[in-house]
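Hi everyone, thanks for coming. Let me put the structure up on the screen, and then we can walk through a few parts of it together.

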Amino acid sequence: MIPHGIEVLWEQRDAMLAGFLTTFAIATAAAVCAGLLGLMLFALLISRVRAVALALAWLVDLMRCVPFMLFCYLIYYGLPSFGIVIGNLMAGIIALTIYNAAYIAELLRGGYMALPREGIEAGSAFGFHSWRLLLHIILPQVLLSSIPMLGNQMVQIIKDSAFLVIIAVQELTFAANEIQATYYVPFASFVCAMLLYWVLCLAVEGGVRAVLTMAEARR
Amino acid sequence: MTAFSLTRRGVLLGSAAALTMTAAAKAATLAEIKKRGYMTVATEDDFRPFEFTKDGKPTGYDQELLEMFKTKAGFEIRQDIIPWTGILPGVTTGKYDAAVTAVLVTQERMKTLDFCSPVVESVDYYLKRKGDKKIQGIKDLSGLPLGVEAGSAMLKMLPQLDDMLKATGGSLGKIVSYQGYPEAYQDLALGRIDYVVNVWLSLQTIAKEKPDTFEVGEAVSKPTYIAWPLLKGNTELLALMNEFLLGARKDGSMYALQKKYFDTTYEHMPEAPTANV
Amino acid sequence: MGNGDYLALAAGAANTIAVSVLAIAIGTPLGLGLALIRWGQIRGLDSVVAALVSLLRATPAVTLVLLVYFALPTIGLELPRFAAGVATLALGSMAYNCEIWRAALLAFPPDQLDAARAFGMTRGLRLRLVVLPQIARAALPALVNEMTLLIKVSPAVAVIGVIEATRAAVRIGAATYNPIPPFLVALAIYIVVVGAFVATQRMLERRHRAGLFA
């Protein structure tokens, strides 16, 4: 059974590779966008204006109650009811971005709450205010302390990208499923997909370790 | 985790996988089925009018034929309703003794599956939005995005449509593969795709259910047959099911069901399944 | 939405809750078991567990559920649909829980262990009376967080045909071409269920910080 499964997989390697690259591309695009959006949401979350901070906190809490798969369906099949029809790839990236931006904003906020007050107060005393305080004093510290958790979030984005199979995005899980449905090799197909996801996540973990060592060296 | 190298991990997992890959589940022969008292079948969850749920109960052309078979079989039939992508792999790996669901007979499939006597004849057609002036005939399909079920024979038969389009100077547009047809129809209504390719019998049903949204176009494939597959070599179970199916033709009950679900009967199907594709 | 639709959604919600609760009940103690294996530093098993946990934590739920339901039967491991869904969610949760329990174990003050050993307690007694009660309290917030993540990933079982809340809502939408109402109902269901767990987690975090635990 092993030889047959591996043989078929090797023949279909282009399809599997295409799926893998699609997953990689989607995850990277979503991670960048979610990171940027998350930063913006974080800035709003710690805003001095109570109304803004509360509204954002409420929205972020709401997002954290929604399963990603439902959110995906909402963006893809729900938005058209309001006249917004987006293609499946775009819808997938948008869903991944918004969903994970909320989590990133929340984890950055956690990092912010854990910062020693003195550093920020000193910065204020030296004349850094509002967005300059944010950019030069708060963000560097928060980002540095959040690196492992941001790495976790990246892994989460990679895993969530598999849900996009339900809106017909031809990523890795879709490729594995189509190969096994056509050539009847479910074990080889899905184990291969699992191993490829593992490779991606190990790469992220390695990246996090590298960044941490660099940060240590700089300190 | 730091002391654990990648290669050691790889070797451990690889050997574990290799050790477990030796045995393959085997579908049960008729004797084994009679001994244990039941047979397992797989059915797709929504492929109208062959199988679908109404008021929470599974129903449809295949379902009613199965109910008739149950009364004649003499053993229990355990039915699993699962998504399409699991059905054929489930039969070839022995998880299910048979798939009682609409499966197009293709030469590729006949290499690993034994098909029962055909239950219906089939041609692929395209479905478009009602009143879509962009599509007046097959040649207008050139370059337009289409929807089809992932891993299906309809997907496999698209090259026939491609040939038709090439003959008029066009070509097949982008193919979107859905996990099931309901999602494809929804996207057609939303405008993400311009046509859906499916067997004529299913398209008739959806066009009847939603006459203001959809209309059926023309044939995009050669005729072929739909039959229930079993794992290759399960000859006695195949013989039992064929006995039932041919009997249903003789006493007219199959044709009555065809009239009920398809508004037409196919009385000249061959007794043995053949593949034109 | 008709009455039949509301019933379908209620049935879906029941499936979501059932599959989640069972997976949590199985995954949490299994995670503890794996964490104890690694903590005990048993030679060969340690590496296998580390590899398994790493692999499971990297696998998306959708991919894993397809593997458990369609691929495992080919090597003789057959599971009916609902059980396959529970097993998948439990496996993923088990891997994350292992790391959570492990973090609590590693943070456990060694002087208590020494004291217990000095009093002549056997390993089993030490574990049961000294270690477990305290790490359970320490790990609780993180464990509850993982439970909410499990519930949010539970729709993955829909791809093998288990009609849980999300799939129920999608099917109604696919038949009526009016997906917003069922989606909103499904959303409400999840907010209630996840909200209950998150509220519990917040309460536990507050009590932990307030030092009501040792």
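Before going on, some housekeeping. This is a predicted model, where local features need pLDDT of at least 70, side-chain atom pairs count only at pLDDT 80 or more, and totals for chains, interfaces and linings use all residues. Residues are numbered from 1 along each chain as its sequence is written, while chains are lettered from A and ligands numbered from 1 in the order in which they are written.

Back to our strand. Helices (H or I, at least four residues) and strands (E, at least two) are DSSP runs, numbered from the N terminus. Strand β9 of chain B, residues 124–129, runs antiparallel to β12(B), and five bridges join them. Strands count as paired if DSSP finds at least two bridges between them. Strand β10 of chain B, residues 146–149, also pairs with β12(B), in the parallel sense and over two bridges. There, L146(B) stands opposite Y195(B).

Is β12(B) enclosed or open? Five of the five residues of β12(B), 195–199, are buried, so this strand is largely enclosed by the rest of the structure. "Buried" means that 20 or more other C-beta atoms, placed from the backbone, lie within 10 Å of the residue's own.

Now let's zoom out to the domains of chain B, whose bounds come from an automatic or database domain assignment. Domain 1 covers 30–121 + 225–262, and domain 2 covers 124–221. Their centres, taken over C-alpha atoms, are 27 Å apart. Eleven residues of domain 1 and 14 residues of domain 2 take part in the contact between them; residues are in contact if their C-beta atoms, placed from the backbone, lie within 7 Å.

Finally, the chains. 28 residues of chain C are in contact with 28 residues of chain A. On the chain C side, α8(C) gives the most, with eight residues. That side divides into 20 nonpolar, seven polar and one charged. For these classes, Ala, Val, Leu, Ile, Met, Phe, Trp, Tyr, Cys and Pro count as nonpolar, Asp, Glu, Lys and Arg as charged, and the others, Gly among them, as polar.

Chain A also meets chain B: 17 residues of chain A are in contact with 20 residues of chain B. Here α8(A) brings the largest share of the chain A side, five residues. By class, that side has twelve nonpolar, four polar and one charged residues.

Note on methods: Contact = placed C-beta atoms within 7 Å. Buried ≥ 20, exposed ≤ 12 C-beta atoms within 10 Å, placed from the backbone.
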